[in-house]
Amino acid sequence: MNNENRTQIKSIFDSFNADSKHQISQKVIEWFSELKPYKFAVRERWMAENYNIGIFDPVSLAVVF
């Protein structure tokens, strides 16, 4: 995913008060309940990204485009 796509995704989800990856994933779970098993906790800065976050990137891209 290039920077232009990320910018567009963040712009669209910002209108739903979701500006972080975690908030975007929560909004996607609201819309697609079948993704609920992949829900992950908010990460601290020192923590690695949860591997489930990769599921929400393509879904958010598909929602926007």
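## Rings, helices and a pocket

Four aromatic pairs are found in the structure, where rings of Phe, Tyr and Trp (its six-membered ring) pair if their centres lie within 6.5 Å. Phe13, Phe16 and Trp31 are joined by ring pairs into a cluster. This is a predicted model, in which local features need pLDDT of at least 70 and side-chain atom pairs count only at pLDDT 80 or more, while totals for chains, interfaces and linings use all residues. Residues are numbered from 1 along each chain as its sequence is written, and side-chain values use heavy atoms, with hydrogens and water left out.

The axes of helix H1 (residues 3–14) and helix H3 (residues 53–64) come within 10 Å and cross at roughly 75°, which makes H1 roughly perpendicular to H3 (a term for angles of 65 to 115 degrees). The table lists the residues in contact, meaning heavy atoms within 4.5 Å.

| Helix | Residues in the contact |
|---|---|
| H1 | Asn5, Gln8, Ile9, Ile12 and Phe13 |
| H3 | Ser60, Leu61, Val63 and Val64 |

By class, this contact of H1 with H3 has six nonpolar, three polar and no charged residues.

The lining of the second largest pocket includes Lys10, Asp19, His22, Phe40 and Ile53, and a pocket here is an open set of points on a 1 Å grid where a 1.4 Å probe fits, with protein on both sides within 12 Å along at least five of seven lines, its lining residues having an atom within 4 Å of a point.

Key:
Phe/Tyr/Trp six-rings, centres within 6.5 Å; stacked < 30°, edge-to-face > 60°. Axes fitted to C-alpha atoms, helices over the stretch in contact; angles between N-to-C directions. Helix = DSSP H or I, 4+ residues; strand = E, 2+ residues; numbered from the N terminus. Parallel < 35°, antiparallel > 145°, perpendicular 65-115°, else oblique. Nonpolar A, V, L, I, M, F, W, Y, C, P; charged D, E, K, R; others polar.
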